[in-house]
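Keep the structure open while reading.

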Amino acid sequence: MKTVSSALDAAYWRQRYATGRDGWDAGAPTPPLRAYFDQLGPAAQPRILIPGVGRGYEAEYLHRAGFRQVFVADFAPEALGALAARVPDFPAAHLLPADFFGLSNDPPYDLIVEQTFFCALAPAQRPAYARQCARLLRPGGTLAGLLFDTAFAGATEPPFGGTAAEYRAYFAPYFTFQHFAPATNSLRPRQGKELFICLKKN
Ligand SMILES: C[S@@+](CC[C@H](N)C(=O)[O-])C[C@H]1O[C@@H](n2cnc3c(N)ncnc32)[C@H](O)[C@@H]1O
């Protein structure tokens with residue numbers, strides 16, 4: 001069995017940006033998240049976190065739709081820099097250049113948005129990801145987004161795949177499952193390979 005790289009640190013991700021190995025970058029908000037955001041509406045002004053946000057097209061979409069409490073975290077400066085350059089009025093204080101696992105939950109978030117961040121972590125970090133999402137959310141808060149439901153055979157670096165059954169075990173200790181099913185509106189290359197999840201923190 002091949003060894004998973006243990007150094008998926010900021011330097012690793014900066015190198016991927018520098019060398020253009022950014023195949024995750026859809027260049028626009030993805031259809032499943034757009035549809036989810038559209039039914040949410042900004043009226044309640046939920047406090048939203050998008051961890052491992054990359055270049056932040058979903059954050060831009062939310063911001064332009066009137067959501068004013070959108071926070072984005074990424075430890076690669078290239079990622080947050082791209083969002084700041086495209087959306088100059090995105091609040092600088094909402095750009096969190098930090099490791100997800102060290103983020104503060106004071107105050108807690110109402111919603112965490114997941115997209116190609118879970119699969120970017122070493123699989124051994126998955127239990128810690130679920131725990132940290134739960135810690136960052138208020139009781140009743142939501143973790144929503146997309147998880148790959150496919151194997152990337154022999155992968156030694158991200159993306160790392162998995163199965164619905166595996167993922168359920170990570171989230172079950174902290175969340176009630178509202179929706180956990182194959183996505184029906186994925187980007188074409190991801191069709192049939194993604195779950196859309198909507199989990200409520202207990
Ligand atoms: C595969 S990219 C996905 C970007 C974005 N979610 C998207 O869909 O376009 C993963 C991102 O997570 C960031 N990242 C990885 N591990 C992180 C961590 N522990 N804390 C903060 N950011 C992290 C990387 O810098 C990278 O921008």
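## Domains and ligand shell

The centres of domain 1 and domain 2, taken over C-alpha atoms, are 21 Å apart. The bounds come from an automatic or database domain assignment.

| Domain | Residues |
|---|---|
| domain 1 | 64–94 |
| domain 2 | 99–202 |

This is a predicted model: local features need pLDDT of at least 70, side-chain atom pairs count only at pLDDT 80 or more, and totals for chains, interfaces and linings use all residues. Residues are numbered from 1 along each chain as its sequence is written.

Mean pLDDT (the predictor's confidence in each residue, from 0 to 100) is 95 for the chain, and 97% of its residues reach 70 or more. Residues 1–5 have pLDDT below 50; this stretch has 8 contacts in the model beyond near neighbours in sequence. A contact means C-beta atoms, placed from the backbone, within 7 Å.

Around the ligand there are 19 residues, and Trp13, Gly52, Gly54, Ala76 and Phe100 come nearest. A residue is near if its C-beta atom, placed from the backbone, lies within 6 Å. Domain 1 and domain 2 each give at least three residues to the shell.

Now take Ala76. Ala76 sits in the loop between β2 (70–73) and α4 (77–86). Strands (E, at least two residues) and helices (H or I, at least four) are DSSP runs, numbered from the N terminus. Ala76 is buried because 23 other C-beta atoms lie within 10 Å; the cut-off for buried is 20 or more. Not counting residues up to four places away in sequence, Ala76 touches Ala10, Trp13, Arg14 and Tyr17. Ala76 and Asp99 are 23 residues apart in sequence, and 9.3 Å apart in space, C-alpha to C-alpha.

Methods:
Contact = placed C-beta atoms within 7 Å. Buried ≥ 20, exposed ≤ 12 C-beta atoms within 10 Å, placed from the backbone.
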